[in-house]
Amino acid sequence: MAAEVENEISVPINSDQDVVVARHKGRGLATELGFSASDSTLLATAISELARNIVSYAGRGEIVLRASHNSDRPGVTVVARDTGPGIASIEQALRDGYSTSGSLGLGLPGARRLVDEFEIVSKVGQGTTVTVRKWKG
Amino acid sequence: MGIAKTTSDLESLYGEALAQYLAGGEEGALHGAYEVGRLALASEVGLLDLAALHHSALIRILAGAHRQDEIGARCSAASQFFTECLSPYEMSQRGYRDAVAALHLLNETLEKEVQRIAHAVHDEAGQLLVVVYLALAEIAKDLTPAMQARIKDVTDLLYQVEGHLRELSHELRPTILDDLGLVPAVRFLADRVSRRSSLAVQVKANLDGRLVPVVEIALYRIIQEALNNAIRHSQAKSVWIQLDEDPGRIVCSIRDDGIGFRPAAGFSETGKKGLGLIGIQERLSAIGGTLQITSEPGRGTELLIVVPKENSNGNSNRTCR
C-alpha cells in the first residue's frame, strides 16, 4: 500500500496492480496542483513507463511522488527506484530502438519526452534510480 | 510488450476496458486504456483505426443511455478513456519528431562536409597541380627535346587528373550553385546529364534572384535525384524541368516520357526507386515543401514540388524540444 510521509507518497512496485496505484497517486497529485487533464494523463503515462520498467527488469522497487515548486509554478517529482541488475550503458538505454518498446518511442526514451526534467543514475548490480519532473503547463 | 493483436482483438479489449471504466473502474480501467493503446501501437494499428474503434465502442455504450445527463456523463468518461489510450501514440509521435529533427541536422552536417571535401578536391588539389605544372615546365627547359616530349606526356596526364578532380568536385557540390544560384546550377546539371546519358534534359525557369541557401541546395539535390531516377528506371528519352515563382513559393515540375510506375509502389518498395522518392520527400519535409507524384505505367512521370520561399519551417523544426 502507498505510504505518505511529509508530502511524499511512496508506492512499492511489485506487480501491474502497483503500477495502477502509482498512476492513481501521481494523477491525484497533479490534479491537486492544478495540472490540466491532458498533462495529468501524460504524467500518468510517464509513471506507467517507469513502473513497467521496474516490474520488467528489476522485479521490484518503488515509486516516490512529491510536489515540487519553482519560482512561478508547481510540479510533480517522480522518483522510480529499484535494486535490480542496473543498466550498464545508460546512453544506450536512452536511445530509441535499444529495446522493443524503445523502437516505438516508448520505454525510458519515451518517458523522457513526456516530462520536463529527467535524470538517471544506475550502477550494475546495485540498481537504478530515475528521477523525472513535470511542471504545470 | 505483449503479442501483436488484430484490430478485432483490440476492439473487444477496448470495449471491455471502457465498460469497466464506465462502471466505476477508475484508475485501473484508465491503466487498461493505456495498455490497449500501447498494444495497438505495437501491433501497428493506425491512429485512424484506433479512432474508428473508439467510435464504434462509443456508439455501443450510448445505445443504452436515454437521459441527457446520462449521455453527457458517458461521453465525457469515454473521452477521458480515449485520451489515456492515445497517450502512448503521443509519446511515440514525440519520438518521431525528435528523430526527424536529428535527421535534418545530420543532413546539414553531411552537406557541409561534402562542401568541405568538394572545396579540398577542387581548389586545394587544383592549386597544387598548378605548382606541379610550373615545376615541370622549369625542368623541361634544361632537357633534350626527346625528354621534353616525355615531360609533356606527364603534363597531359596531369591535365586529365585535374579534369577528373573538377568533375568530382562538381558532383559533390557544384560551386556554380553557391556562386550563381539554382537556375544556372540546374542548367549546368541538365547539360552534363544530357551529354553523358541518352536523356535529353530541358530546363525552363522563371525565377529571379537567389533563394535562401537551404532551399537552393534542397531543390538542386531533389532535381539531381529525380534525374538519376529517370536515367536508372524510367527508360525516358526526354525530361522537362520547369521552375516557377509564385508569391511566397517556388513550384518545380520534373516530367519525363518514360515507362511510369504506380506511385504507391514507388514509396513502399525498398528498392532504389522507393528510397529515392523517400529521400526526396524527406528533403522536402525538412524545408516545409510538398511532393505530388503523377505517374502510371506507360504514361511517364511528373514530380510536382512546391516549396515555401522563406523556409521558416526548417528552422523552427530544429528548435522545438
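**Reading helix pairs**

Modeller: Helix α2 (residues 37-58) of chain A and helix α3 (residues 68-141) of chain B have axes that come within 10 Å and cross at roughly 65°. That makes α2(A) roughly perpendicular to α3(B) (65 to 115 degrees; under 35 is roughly parallel, over 145 roughly antiparallel, the rest oblique). This is a predicted model, where local features need pLDDT of at least 70, side-chain atom pairs count only at 80 or more, and totals for chains, interfaces and linings use all residues. Residues are numbered from 1 along each chain as its sequence is written, with chains lettered from A and ligands numbered from 1 in the order written.

Biologist: Which residues of α2(A) and α3(B) make the contact?

Modeller: A contact needs C-beta atoms, placed from the backbone, within 7 Å. Here A:Ser38, A:Thr41, A:Leu42 and A:Thr45 meet B:Thr83, B:Glu84, B:Ser87, B:Pro88, B:Glu90 and B:Met91.

Biologist: How do I describe a packed pair in general?

Modeller: Two packed helices are described by the angle between their axes and the distance between the axes. In chain B, α2 (residues 47-63) packs with α3(B) at about 160°, the axes being 11 Å apart. That makes α2(B) roughly antiparallel to α3(B).

Biologist: What classes of residue are in the contact of α2(B) with α3(B)?

Modeller: That contact has 10 nonpolar, 1 polar and 1 charged residues. Among them are B:Leu47, B:Leu50 and B:His54 of α2(B), and B:Phe82, B:Cys85 and B:Tyr89 of α3(B).

Definitions and conventions
Axes fitted to C-alpha atoms, helices over the stretch in contact; angles between N-to-C directions. Helix = DSSP H or I, 4+ residues; strand = E, 2+ residues; numbered from the N terminus. Contact = placed C-beta atoms within 7 Å. Nonpolar A, V, L, I, M, F, W, Y, C, P; charged D, E, K, R; others polar.
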